[in-house]
Amino acid sequence: MKIPDGVQCTKPNQVCKLLKSLYGLKQASRKWYEKLTSLLVREGYKQSTSDYSLFTLNQQNNFTALLIYVDDVILAGTDMQEINRIKTILDHNFKIKDLGVVKYFLGLEVAHSKEGISISQRKYCLDLLNDSGLLGSKPASTPLDPSIKLHQDNGKPFEDISLYRRLIGKLLYLTNTRPDITHATQQLSQFLHNPTVTHYKAACRVIRYLKHNPGRGLLFPRNADLQLLGYSDADWAGCIDTRRSTTGYCFFLGTSLISWKAKKQTTISKSSSEAEYRALSSATCELTWLLYLLKDLHVESSKQPVIFCDNQSALHIASNPVFHERTKHIEIDCHLVREKVQDGLMRLLPISTQDQLADFLTKALPTPKFNNFISKLGLLDIYQASACGRLLSDNYDQHIVNSKLTQDDHD
């Protein structure tokens, strides 16, 4: 640092000019990202427009991809020569440390095998159990008690609000590999400004549920079909305080769960059909983004993407434009569903409520029904002895077969 010209001060070095962004300052990450991006672009890499942290290089029959999170980088590709070349360039410019085959990344534990790749957060989950003081507590069968509807109650306020906020923040990060607690975390995050003892007890129940299998994570089989299958659902007027509905959707790439979400809708829906249609619109936007991302990764879907919905009225609204009197109060952006269907981007197919996988993202379910849905998500705990030698449950295999049979019946 140096004092700028023309600046006079009573104390020496009172005013300084920053010559280099230091680690920890607000502009440091921005400068680092600009320098790294310009370097990769000069080396022939293309920045993805669907995910700006993804850089790809396609040369002849070889493909290389870099995924960046601040100063952590995952490098993958089919050409070892190119991988070694870009690692040398990065090391020359930034002095990187090569950790070899990815096994631990940002709290995500990656396990490789001949059958596929498993991603979990076991250590993170055990640390959460230990920090919360619930390591010796009795496990819970479900994340939320289906008999209790969380809302802004007039109960006793929880004294340590910062503790509650830290707890929910940790649970939010855990949803990266645990879709089974997504709905519970979404419900609890609504009370960060004024939590009560009831809300804190519900959060503790989520942690006690995690004690059942802290090593549970996502499995990505190597021999899965490359077809996008989505499930869209909504819980009509489920919020007691605002009477707004909850959107839930999940997407599979073959048999691998790759995307899921549970979020309260921004407006109040007049009917369950409207709530389902709004959820279908959100799922369509996610599907469009996934297709853009797969295109950047040079992955082509083997069949046309499909979204399953268990509401017949929502399917009719998406395929038939004559329902003007019933849908004229719905925002125009929701009719994105109809536009994408007409363009041939995807197909909408009906499914029974009992087979609607997105149902667990919209409401608290009793134990048998909850476990039935979770068994179909392709989750696996490689640390449990009972799971050894079995990659997917029989129920999940049967579910995928039924889904494809349903689609083939409509071909």
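1. The largest nonpolar core has 46 residues. Those touching the most other members are Leu171, Leu188, Leu210, Tyr231, Cys250, Phe252 and Leu377. Helix α6 (residues 197-210) gives the most to this core, 7 residues. A nonpolar core here is a set of buried Ala, Val, Leu, Ile, Met, Phe, Trp, Tyr and Cys residues joined through side-chain atoms within 4.5 Å. Buried means under 20% relative accessible area, with a 1.4 Å probe and protein chains only.

2. A note on the source. This is a predicted model: local features need pLDDT of at least 70 and side-chain atom pairs count only at pLDDT 80 or more, while totals for chains, interfaces and linings use all residues. Residues are numbered from 1 along each chain as its sequence is written, and side-chain values use heavy atoms, without hydrogens and water.

3. Leu210 is in contact (heavy atoms within 4.5 Å) with Cys125, Leu128, Leu171, Leu174, Arg178 and Ile181, leaving aside neighbours within four places in sequence.

4. Strands are DSSP runs of E, at least two residues; helices are runs of H or I, at least four. Two strands pair if DSSP finds at least two bridges between them.

5. Within that sheet, β9 (residues 228-235) and β12 (residues 306-309) run parallel, joined by 4 bridges. Tyr231 stands opposite Phe308 in β12. Tyr231 is also among the core residues named in point 1.

6. Angles run from 0 to 180 degrees between N-to-C directions, with axes fitted to C-alpha atoms.

7. A second open sheet of 5 strands is antiparallel, in the order β5-β6-β7-β8-β14. β5 (104-105) and β14 (379-381) are its edges. β7 (residues 116-120) pairs with β8 (residues 216-221) over 5 bridges. Ser120 has Gly217 in β8 as its bridge partner.

8. Helices α1 (residues 26-42) and α2 (residues 80-94) pack at about 140°, axes 12 Å apart. Trp32, Lys35, Leu36, Leu39 and Leu40 in α1 meet Ile86, Ile89, Leu90, Asn93 and Phe94 in α2.

Key. Buried means under 20% relative accessible area, exposed over 50%, partly exposed in between (1.4 Å probe, protein chains only).
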